[in-house]
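I opened the notebook to look up a few local features and contacts in this structure. The entries follow in the order I made them.

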Amino acid sequence: MTIQEAILARHSVRAYIDKPLAEDVIGALRARIDEVNAVAGLHIQLVLNEPKSFQGTLAKYGHFSGVSNYLVMAGKKTEDLDEKVGYYGEQIVLLAQMLGLNTCWVGVSYSKIPNTYVLEDGEKIACYISLGYGANQGRAHKVKSVNEVSN
């Protein structure tokens, strides 16, 4: 799958099947995360086999199920943290799609579980990204035209 095909195929998925990530997939994700963290000065972390973050009330509100793998999107508290997380996070999301995984950006529908990630002084979590083998491939949603969202 090319990056362009991944862009077209990717849709947010909130329900995942109980299937561990393959070792080669984990290796590819970790390699990209290491590259991104070095280039962008972020502290993105891959959390594996940890279902508690998506079992609380907020996760149910967000209609998440079966999530046990996710990315903690963290970095120094700066004015451009959200922009960096969005730009570099999407690169990881598209890689995940190319590796046969599904993903969903998660703003508040998760619980912070102690000892699953590390934050250094001056860092904060911007968001999580759930990932795994989706129960489905998601679906396209209505897209507004450029004229409807911008002048």
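**Entry 1: two asparagines**

I found asparagine 115 in the loop between strand S3 (102-106) and S4. For the element names I used DSSP runs, with helices (H or I) of at least four residues and strands (E) of at least two, numbered from the N terminus. This is a predicted model, in which local features need pLDDT of at least 70 and side-chain atom pairs count only at pLDDT 80 or more, while totals for chains, interfaces and linings use all residues. Residues are numbered from 1 along each chain as its sequence is written, and side-chain values use heavy atoms, with hydrogens and water left out.

I noted that asparagine 115 is not a glycine and yet has a positive phi of about 70°. Asparagine 115 is exposed, since its relative accessible area is 79%. My cut-offs were under 20% relative accessible area for buried, over 50% for exposed and partly exposed in between, with a 1.4 Å probe and protein chains only.

I then looked up asparagine 49, where phi is near 55°, a positive value in a residue other than glycine. Asparagine 49 sits in the loop between S1 and H3. Asparagine 49 counts as exposed because its relative accessibility is 59%.

**Entry 2: H2 against H4**

Two packed helices are described by the angle between their axes and the distance between the axes. For helix H2 (residues 23-40) and helix H4 (residues 81-98) I read axes that come within 10 Å and cross at roughly 160°. H2 is therefore roughly antiparallel to H4. The axes are lines fitted to C-alpha atoms, for helices over the stretch in contact, and angles run from 0 to 180 degrees between N-to-C directions. Angles under 35 degrees count as roughly parallel, over 145 as roughly antiparallel, 65 to 115 as roughly perpendicular and the rest as oblique.

The crossing of H2 past H4 is right-handed, meaning that the near helix is turned clockwise from the far one by less than a right angle.

Which residues of H2 meet H4? I listed Ala28, Leu29, Arg32, Ile33, Val36, Val39 and Ala40 in H2, meeting Lys84, Tyr88, Gln91, Ile92, Leu95 and Ala96 in H4. Contact here means heavy atoms within 4.5 Å. Sorted by class, the contact of H2 with H4 has ten nonpolar, one polar and two charged residues. Ala, Val, Leu, Ile, Met, Phe, Trp, Tyr, Cys and Pro count as nonpolar, Asp, Glu, Lys and Arg as charged, and the others, Gly among them, as polar.

**Entry 3: aromatic pairs**

I searched the whole structure and got five aromatic pairs. Rings of Phe, Tyr and Trp (its six-membered ring) pair if their centres lie within 6.5 Å; planes under 30 degrees apart count as stacked, over 60 as edge-to-face and the rest as tilted.

Phenylalanine 54 and tyrosine 128 make a tilted pair, 6.3 Å centre to centre with 55° between the planes. Phenylalanine 54 is in the loop between strand S1 (45-47) and helix H3 (57-61), tyrosine 128 is in strand S4 (residues 123-132), and the two are 74 residues apart. Phenylalanine 54 counts as buried because its relative accessibility is 5%. Tyrosine 128 counts as buried because its value is 0%.

Tyrosine 70 and tyrosine 128 make a stacked pair, 4.9 Å centre to centre with 10° between the planes. Tyrosine 70 lies in strand S2 (residues 70-76) and tyrosine 128 in strand S4, so this pair ties together parts that are 58 residues apart in sequence. Phe54, Phe64, Tyr70 and Tyr128 form one aromatic cluster.

**Entry 4: charged residues**

I placed lysine 77 in the loop between S2 and H4. Lysine 77 is exposed, as its relative accessible area is 57%. Leaving out residues up to four places away in sequence, lysine 77 touches Gly122, Glu123 and Lys124. The C-alpha atoms of lysine 77 and lysine 124 are separated by 6.1 Å, with the residues 47 apart along the chain.

Aspartate 82 is in helix H4 and is exposed at 54% relative accessible area. I read 8.9 Å between the C-alpha atoms of aspartate 82 and cysteine 127, which are 45 residues apart along the chain.
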